[in-house]
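Please keep the model in view while reading.

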Amino acid sequence: MAELPVPELPTTLSRCSGRFTISTFLGSDEGGRGAYAPTEGPGCDSAHPTQLSGSTLCTRTFGYNTVDVVPAYEHYADSKDGGDAGKGRPSLADLHSILRPDPGHLRAPVCDPQRSNGLPDTASEEAEGEPGKVPEPEPVRFGWVKGVMIRCMLNIWGVILYLRLPWITAQAGIALTWLIILMSVTVTTITGLSISAISTNGKVKSGGTYFLISRSLGPELGGSIGLIFAFANAVAVAMHTVGFAETVRDLLQEHNSLIVDPTNDIRIIGVVTVTVLLGISLAGMEWEAKAQILFFLVILVSFINYLVGTVIPATIEKQSKGFFSYRADIFAQNFVPNWRGPEGSFFGLFSIFFPSATGILAGANISGDLKDPAVAIPKGTLMAIFWTTVSYLVLSATIGSCVVRDASGSLNDTVAMGSTGCEGLACALGWNFTTCTQQQSCRYGLSNYYQSMSMVSGFGPLITAGIFGATLSSALACLVSAPKVFQCLCKDQLYPLIGFFGKGYGRNNEPIRGYMLTYVIAVGFILIAELNAIAPIISNFFLCSYALINFSCFHASITNSPGWRPSFRYYSKWAALFGAAISVVIMFLLTWWAALIAFGIVIFLLGYVLYKKPDVNWGSSMQASSYNMALSYSVGLSEVDEHIKNYRPQCLVLTGPPNFRPALVDFVGTFTKNLSLMLCGNVLIGPQKQKVPESRLTADGHTKWLVKRKIKAFYTDVVAEDLRSGVQMLIQAAGLGKMRPNILVLGYKRNWRTASPQSLEDYVGILHDAFDFKYGVCLMRMKEGLNVSRVMQAHVNPGFDAAELPGNGTGSRAALGTDSATLSGAQQASTIFQSEQGKKTIDIYWLFDDGGLTLLIPYLLGRKKRWGKCKIRVFVGGQINRMDEERKAIVSLLSKFRLGFHEVHILPDINQKPRPEHIKRFNDLIAPFRLNDGFKDEAVVHEMKQGCPWKISDEEVDINRAKSLRQVRLNEILLDYSRDAALIAITLPIGRKGRCPSSLYMAWLETLSQDLRPPVILTRGNQENVLTFYCQ
């Protein structure tokens, strides 16, 4: 690191500590992109002038005064893409260009020893507020216990824990119940590991599940799952609230205290309950968290109450209901399954239990309210899964060791030990439940009594309180999750008409409007009071989320993107793939029709986002996958030998800025779309220092213009000293592997007679260079011209800003005087290849065999819809006395090529002498470029040619006279036969290097294509076959 002179700094610097200090000496009115006038003064280096970005800092680093800076958190915060230079970091130009500071911007150094070690500011990453403004209070942030673990445990625990797990244990036995629990937990654990990996791969913001999936897989899948996930949470509020209301209703029925009737009581209690929950949510996340802790404590007390009840000796009343405390024989009997009823099957019970294992996304859904989501989400989610799994296993084992499957509940069913006529395990315990067992009329026991936990517990009402806590906590968690996820989706604006709900309020940016929407949806479904139909769909929506989270983790891992660097390492991409697949399988196991509905909704929303193509770039794994596939196929293609059957016209199109020559772009784009490579090349002529920044500024705009015009092409530019050397760079370097251009497409140089001689030489030299590099050449001429840049500068294309157009100042003023005829011509030049051509003709003049390229391009054009109605005619030269034979030969050849060209015309008069007035016009055309050296010495002529190589000597006129007259005659034929054609394709004449001056060659092209209304395509292949009639 070179040492720089240290400017004189204030004395306060002596109090600074840390690795480096900062002294800002440059500023800008344009946010760090302005240019600075060279001025003398002290600084990092005052020897030479330069232009620096306004964010440049002169830093005191390791004892040296240098522009370079040490690594720091601020340099990487909020960087959106690879081109972002970061905050405070000097640009590459600042480091390697000649440096000269402006002393007018010097100020006292900033001492910040805490940031000198590269650590982030713990307060905020946002910019400082205005001076004197009262800072807003810090938002409430939660750690991994309160924010994730407790929240997930409450959402996982539900009424199934209390009301269905004892019944499942009776049906499946302890062994298979454990298997059901472990199978369910396997899915949720794999999903938890995937969530942990995704959430630790970069900073997680608000939006929860939607944020994780959309930033991993892209907006298409993320948007669709985000919308249905938010809706599912909103409906889940109603489901859990109705579960609570039904429990309260049942208590009221037991005491004969119904409010109205059973159904309306559920509605009344449900609406009141969800209104109270809404009030808790609107009070803020802090109050909501306190309520969740209260519910958590209630559930823990109820669970402890149950465990205490299992060790308390059974009373006579409890024994009559099947409870006998811990006994090995009861455990042995309940260890094996005893299937009963229509739901008595392994997968039937699995489908009932599995929803109780879900709920692991509750913590991730409030990711924006966590202190450190990357730590809290993995730790809290996995701990919640562990402890809830332990609780399920313990409950299943304990209640299966204490309670028999069948009991009558009658105190009169006691029996003496060893009595005959008594069947079952209870006989040895002094109870005879044989009658109700045989008649299947037992009201109690694990198989019959859903309230077995309440019966076993030490104090029954605490179990009821636990049920209340489980249902209300789940409802509250969903009530908070839905608006948080929906708010993030609204801010991304992937769908119309939802942006209104994205506004946040208060220090926690609370989505008040989202809360109200969720409340309305929940109340609507509570009033239906019949959620059995909607419940399976909601479960499938959650499983969709699990599947996509697991697939996100797998996809991000399999793409090998350097950006996939999760700090959580305990995951497997194959386990994630298994989790995604098994989640889909479980969807169909639960309810196949609900799974189909869920998939249908996801596909519909996915299709909408694919159609709209939102302008977002989140660096998703889909982008990485596209790169991987393109790279793999490109490398694989390099290993394949080329074959004529697989020949594709891959075009390097010299468009300049593509929007300046839209007709040329449209023409090539028409026959290369979905077929072959099209590459728009632009040569920026001028000094590299000036043109390289221009290239960076305009390249994206040109690509966007191509996309907007629906042209499937690449754009590339090079900086060169002149046009020819730039095109040589493009010809040699453009493309990748076998995907390299083999045809050079360019427009006709209309101003060749008035242009500078050097530009004329360069233009013709480009054609020679293309042939030297074995390229085919396709040259296009339109009567109106191709370059519409003058008009474009007056009427800026929507794909560009006015500032992006070269020569914006003078070009606009020149265009203001453009007459209406010019505007009309430019409009036609812009759209001629985008309009329907109708029943016209495409005329091909296949005068010389170039390998078949002159035939292939019109054939490909004719396959497109806009040109499909055009009739293709082929014209070839011939002799008048052999017309029929020659026509049959050409028709036979074309039929072998399978091009479908049936109309063939022989031109017997192609070698006739042209009319005298046309010959005179040609001679007048070349007259300004002739040397008129007929009576001069050969040495003098040679010297004149050296100085003016574009000039035409008399000898060259004589040598090329026959070829010149042929061009004149061909123009007459074109005017006779193809005046009204939609397109004329003709073989391009070739001028021999060193024998045909550039001005003579341009005179040939001018004469051949002049006065023709249709576009003229002059094509010449590289003399190698592009058509074959063999099948191998």
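In this predicted model, Asp666 forms a salt bridge with Arg709, the closest N and O atoms being 2.9 Å apart; a salt bridge is a side-chain nitrogen of Lys or Arg within 4 Å of a carboxyl oxygen of Asp or Glu. Because Asp666 lies in helix H21 (residues 662-672) and Arg709 in the loop between helix H22 (688-708) and strand E6 (714-720), the pair ties together parts that are 43 residues apart in sequence. Helices (H or I, at least four residues) and strands (E, at least two) are DSSP runs, numbered from the N terminus. Both Asp666 and Arg709 are buried, where buried means under 20% relative accessible area, exposed over 50%, and partly exposed in between (1.4 Å probe, protein chains only).

Glu510 and Lys484 are both buried. Arg753, Arg781 and Glu1006 are linked in a network of salt bridges, and the count of salt bridges comes to 24.

The chain as a whole has 34 helices and 13 strands. Of its 1032 residues, 51% count as buried. Among contacts (heavy atoms within 4.5 Å) between residues at least 6 apart in sequence, 80% join residues at least 24 apart.

At the surface, Tyr611 in helix H19 (residues 592-612) is exposed because its relative accessible area is 68%. Tyr611 and Glu220 are 391 residues apart in sequence and 9.6 Å apart in space, C-alpha to C-alpha. Arg866, in the loop between helix H28 (853-862) and strand E10 (871-877), counts as partly exposed because its relative accessibility is 36%.

Residues are numbered from 1 along each chain as its sequence is written. Local features need pLDDT of at least 70 and side-chain atom pairs count only at pLDDT 80 or more, whereas totals for chains, interfaces and linings use all residues; side-chain values use heavy atoms, with hydrogens and water left out.
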